[in-house]
Amino acid sequence: MAGNHPRRIAVFPGQFDPITNGHLDVIRRGVALFDQVVVAVGINPEKRELFSHDERVEMIAELLRSIPGAKVARYEGLTVDFVRSVNATAILRGIRDVSDLRYEFQLALANRAVGGVETVFIMTGDQYALTSSSLIRQVVALGAELEKLQPLVPKNVIARLKKMQRRGVDFKVLDPDTPAT
């Protein structure tokens, strides 16, 4: 970095339960735009977790070793407070479709009004447009072969899901969105 140019830091917040290849796509493209991308792993009190907060941070840390300019951090509370605490200049968000845009647009306006923080949107790669963590949780809960998820989620996520399966975890209990059979 030449001279006194301030570092451009973006925060990519989310629950990441689990992290998907679509998230990784946004992170890789984000580090091309910012000096650093902080993947901020939060808690959504309205959702049941598949993986604990610590497990999600560990999985993401493993994946970010191969992405220079990206790091992981855990947080609780308001995203704008975390953004300020790491001296970030922007929030980074991925957009898959028009539904995401409407929701993210509202969040972006609120974050700018409440915290004075701008949001930068990256359109997801088209191969990830239909992928979401919620969808992955549902597919797992309904008993899909985990190997078939490889185009959608990283190998370390599949490995942890297999461990959970071997321990006899009932994924349906973990995901309240899964329809009863």
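Helices (H or I, at least four residues) and strands (E, at least two) are DSSP runs, numbered from the N terminus. The views show a predicted model, in which local features need pLDDT of at least 70, side-chain atom pairs count only at pLDDT 80 or more, and totals for chains, interfaces and linings use all residues. Residues are numbered from 1 along each chain as its sequence is written, and side-chain values use heavy atoms, with hydrogens and water left out.

**View A. Helices H2 and H6 pack against each other.** H2 spans residues 53-64 and H6 residues 155-166; their axes lie 9 Å apart, at an angle of about 145 degrees. Axes are lines fitted to C-alpha atoms, for helices over the stretch in contact, and angles run from 0 to 180 degrees between N-to-C directions. Contact (heavy atoms within 4.5 Å) involves Glu-55, Glu-58, Met-59, Glu-62 and Leu-63 of H2, and Asn-156, Val-157 and Arg-160 of H6.

**View B. Strands E4 and E5 run parallel.** E4 (residues 90-95) and E5 (residues 118-123) are joined by 6 bridges; two strands pair if DSSP finds at least two bridges between them. Leu-92 stands opposite Val-120 in E5.

**View C. Ile-136 sits in helix H5 (residues 133-141).** Is Ile-136 buried or exposed? Ile-136 is buried, because its relative accessible area is 0%; buried means under 20%, exposed over 50%, and partly exposed in between (1.4 Å probe, protein chains only). Leaving aside neighbours within four places in sequence, Ile-136 is in contact with Pro-18, Thr-20, Thr-131, Leu-149, Leu-152 and Val-153. From Ile-136 to Leu-149 the C-alpha to C-alpha distance is 8.0 Å, and the two are 13 residues apart in sequence.
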